[in-house]
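Colleague: Please take a close look at one part of this model for me. I would like a connected account of the disulfide bonding and the sheet around it.

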Amino acid sequence: QVQLVESGGGLVQAGGSLRLSCAASARTFNIYRMKWFRQAPGKEREFVAAISRSGDNTWYADTVKGRFTISGDNTKNTVYLQMNSLKPEDTAVYFCAAGFPVSPLYEYQYRGQGTQVTVSS
């Protein structure tokens, strides 16, 4: 069973920063490509970022490129999402996901419960 546990969400003013964390098992980190998604009320789920198992490659949605950074710490089996220059339109539930390396970026096999990020204007 793959378990993903997110933390770090909250309320922040526009222009501020937050860092999300996602804790997983070592086995999960070794097998899956780790990703972040978000879903705002009434909107479709949106891919945010992904990182390869080695950490050498990262991918971002155009909407967050240059503002968000995904990273991983294999010693802690944790993936992070550093979010800077936050905008009200970044408000959403953010969740961590694990997908097979050969799967498209927008697909995943497992996901966490999610953490709320609210950006006030």
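**The disulfide and its sheet**

Modeller: The count of disulfides comes to one, in a model that is predicted. A disulfide is a covalent bond between the sulfur atoms of two cysteines. Here the partners are C22 and C96, whose sulfur atoms lie 2.1 Å apart, and the cut-off for such a pair is within 2.5 Å. The torsion about the S-S bond of C22 and C96 is about -75°, so the disulfide is left-handed. C22 belongs to strand β3 and C96 to strand β9 (residues 92-99), so the bond ties together parts that are 74 residues apart in sequence.

Buried means under 20% relative accessible area. C22 has 0% relative accessibility and therefore counts as buried; C96, at 0% relative accessibility, counts as buried as well.

Strands β3 and β8 are part of an open sheet of four strands, ordered β1-β3-β8-β7 and paired antiparallel. At the edges stand β1 (5-7) and β7 (68-73); each has a single partner strand, so one side of each is left without a neighbour in the sheet. On average, neighbouring strands of this sheet are turned by 15° against each other, direction ignored.

Key:
Residues are numbered from 1 along each chain as its sequence is written. This is a predicted model: local features need pLDDT of at least 70, side-chain atom pairs count only at pLDDT 80 or more; totals for chains, interfaces and linings use all residues. Side-chain values use heavy atoms; hydrogens and water are left out. Two strands pair if DSSP finds at least two bridges between them. Helices (H or I, at least four residues) and strands (E, at least two) are DSSP runs, numbered from the N terminus. Axes are lines fitted to C-alpha atoms, for helices over the stretch in contact, and angles run from 0 to 180 degrees between N-to-C directions. Buried means under 20% relative accessible area, exposed over 50%, partly exposed in between (1.4 Å probe, protein chains only).
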